[in-house]
Amino acid sequence: SPRRSVAIAPSCSRWDPASNLRAWSLAPTLRRLGWRVLLLAPEASLAERQHVLRLWRPDVLLLQQSHHPLNRPHLYPGLPCVFDQDGADYLDARVRDAILGCCEGSDLVIAGATPSCWSSPSRSRTAQCSTTSLPT
């Protein structure tokens with residue numbers, strides 16, 4: 001059977017703690033599990049990202065946080081997206097719309113213990129939400 005493939009879009013460089021843990025360091029583990037993995041450079045333009053994704057044709061795109069302006073599911077039509085909403089960014093009103101847009105446009109949301117993906121009443125698509133920890 002063909003190997004599954006994932007493209008990972010980190011929100012920052014590998015020296016950012018969240019990006020390193022939840023994007024850059026994930027690639028070797030997925031490779032050991034048999035996945036083909038492509039890490040998209042955070043400094044790549046939208047046209048460069050889209051070109052590479054068209055050539056590589058991954059099964060899924062992992063968008064690590066909404067900090068990067070190109071980590072938006074609507075920019076990659078036809079490509080299943082997983083949005084990793086790590087952190088308490090949903091508490092910041094300045095980025096709440098971006099987070100909700102990512103949740104609404106993604107096929108799966110990894111949300112830690114945050115309620116951001118549960119709170120959108122106007123979802124145009126039905127995304128599944130997964131938590132990486134239990135709320136206390």
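This is a predicted model: local features need pLDDT of at least 70, side-chain atom pairs count only at pLDDT 80 or more; totals for chains, interfaces and linings use all residues.

Guide: Let's start with a term: buried means under 20% relative accessible area, exposed means over 50%, and partly exposed is in between, using a 1.4 Å probe and protein chains only. Helices (H or I, at least four residues) and strands (E, at least two) are DSSP runs, numbered from the N terminus.

Residues are numbered from 1 along each chain as its sequence is written, and side-chain values use heavy atoms, with hydrogens and water left out.

Now the helix. In α4, which spans residues 96–105, the buried residues are Ile99, Leu100, Cys102, Cys103, Glu104 and Gly105. Cys103 counts as buried because its relative accessibility is 2%. Contact here means heavy atoms within 4.5 Å. Among the elements that cover the buried residues of α4 are β4 (81–84) and β5 (108–110). As background, an α-helix has 3.6 residues a turn, so residues three or four places apart point the same way.

With cysteines about, disulfides are worth a look. Taking a disulfide as a pair of cysteine sulfur atoms within 2.5 Å, the count comes to zero. Cys81 is in no disulfide, and its nearest cysteine sulfur, that of Cys102, is 8.9 Å away. Cys81 is also buried, at 2% relative accessibility.

Next, the core. A nonpolar core is a set of buried Ala, Val, Leu, Ile, Met, Phe, Trp, Tyr and Cys residues joined through side-chain atoms within 4.5 Å. The largest one has 18 residues, and those with the most contacts inside it are Leu40, Leu53, Leu61, Leu63, Tyr76 and Phe83. At least two residues of this core come from each of β1 (5–9), β3 (60–64), β4 and α4. Our helix α4 gives the largest share, three residues. There is also a second, separate core of 10 residues, including Val6, Ile8, Ala23 and Leu62. In general, nonpolar side chains tend to be buried together in soluble globular proteins.

Setting aside neighbours within four places in sequence, Leu53 is in contact with Ala7, Leu40, Pro58, Leu61, Tyr76 and Leu79.

Leu61 turns up again in the largest pocket, whose lining is Val6, Leu26, Leu30, Trp35, Val60, Leu61, Leu62 and Val82. β3 supplies the largest share of that lining, three residues, and α2 (26–32) is another element that gives at least two. Apart from neighbours within four places in sequence, Leu26 is in contact with Ile8, Leu21 and Leu62. Leu26 and Ile8 are 18 residues apart in sequence, with 9.0 Å from C-alpha to C-alpha.

Finally, the whole chain. It has four helices and six strands, which run β-α-α-β-α-β-β-α-β-β along the sequence. Of its 136 residues, 42% count as buried. Among contacts between residues at least 6 apart in sequence, 49% join residues at least 24 apart.

Conventions
On a 1 Å grid over the protein atoms alone, a cavity is a set of points where a 1.4 Å probe fits but cannot get out, and a pocket is an open set with protein on both sides within 12 Å along at least five of seven lines; lining residues have an atom within 4 Å of a point.
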